[in-house]
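Please report on the fold of this chain.

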Amino acid sequence: MAYSAITKPSLHFDSYIYTPASGGGHTNNSLGFQPDLVWYKQRNGTEDHGLYDSVRGVTNSIRSNTLSATYTEAQLLTAFGADGFTVGTNTNVNASSQTFASWNWKMGTTSGISAGSQTITPSSYSINATAGMGIYKWSRTGASTTDYFSHGLGVTPQLAIQKRTDGSQDWYVNTTVIDGTNDNLHLNKTDAKEDDSTTVPTSTNYYPKSPETGDYITYLFAPINGFSSFNTYTGNQNADGPFIYTGFKPAWIMIKNTSDGDDGWIIENNKASAYNPTYNYLVASSSAAEGGTGFPIDFLSNGFKIRGNDI
């Protein structure tokens, strides 16, 4: 594996599986870091996904399986703790006898990005340059493919997940890993990728996709040796499927068919199953409960291997 400045990846990202006790809230004190992005989903029920970040503040949920604006509820995520988070009594996050998965990312740096000549100035942000990740809150009053903001990561992001927060609009997922140019997909849909004329990002600037005036949140991710990887593969419709090299043992995998709309965004993590192949998956574009067949994957020391003919 190539050199990595990250000696313990679980201090920058970790999954957490929990079953709430009857009544009251639930507190997770096991992460070992304060998360700045928490994405949760009920595993054995059909409640919506929920994404929370420290930039927009607690109680403010956006749902990956819908195009709805921010949903505010006092008893959803109620606090980002020093080593985890706390949820309230809302059944979306705390239904008795139900199980939940949460995926948690650490950012932390909230100042120091120079405005420079950027044409968009984020009103607030939180970044983790070591792990190549950032959260940016910003507003748009026009629709130019050359507007940009400085992201402060020091390396070029390869994945952007973006949502308008003050109105109903599809999620946008922009990436350059498919063919080197910008391509766009929708996190709340199953549709294939589409070409995007937005300027590709650089090691200093990000050019957001934003066809409408409004308020937005953008999550940026860059590949970091030993921590994160973004790639493509071609399926073979065989249980002896492709091996995807990452250079490290992945803890969280998200897969999307980019050539057609057969499947949504398949998510698997290393905490949902103790053995290979893992069969436990959730779908970012659907509120469906966790599936137990259909998308088997081996989590390996240097990547992962597809073990089913559907992905």
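## Overall dimensions

The chain has 311 residues, and a compact globule of that length would have a radius of gyration near 19 Å; the value here is 18 Å, which agrees. That radius is taken over C-alpha atoms, and the globule rule is 2.2 Å times the number of residues to the power 0.38. Along the principal axes, the C-alpha atoms fill a box of roughly 50 × 45 × 40 Å.

This is a predicted model: local features need pLDDT of at least 70, side-chain atom pairs count only at pLDDT 80 or more, and totals for chains, interfaces and linings use all residues. Residues are numbered from 1 along each chain as its sequence is written, and side-chain values use heavy atoms, with hydrogens and water left out.

## Surface and contacts

Buried residues make up 52% of the chain. Buried means under 20% relative accessible area, exposed over 50%, partly exposed in between (1.4 Å probe, protein chains only). The accessible surface is about 12500 Å², from the Shrake-Rupley method with a 1.4 Å probe. Carbon and sulfur atoms hold 46% of that surface.

Contact means heavy atoms within 4.5 Å. Of the contacts with a separation of 6 or more, 61% link residues 24 or more positions apart.

The chain has 1 helix and 24 strands. These are DSSP runs, numbered from the N terminus: helices are H or I with at least four residues, strands E with at least two.

Two strands pair if DSSP finds at least two bridges between them. S7 and strand S8 (residues 84-87) pair over 4 bridges. Leu77 has Val87 in S8 as its bridge partner. A hairpin through 2 residues joins S7 to S8.

## Nonpolar cores

A nonpolar core is a set of buried Ala, Val, Leu, Ile, Met, Phe, Trp, Tyr and Cys residues joined through side-chain atoms within 4.5 Å. The largest has 29 residues. Among those with the most contacts inside it are Trp39, Trp103, Trp105 and Phe221. Elements giving two or more residues to this core include strand S3 (37-42), strand S9 (100-105) and strand S18 (214-221).

A second, separate core has 15 residues, including Leu31, Phe85, Val87 and Phe100.
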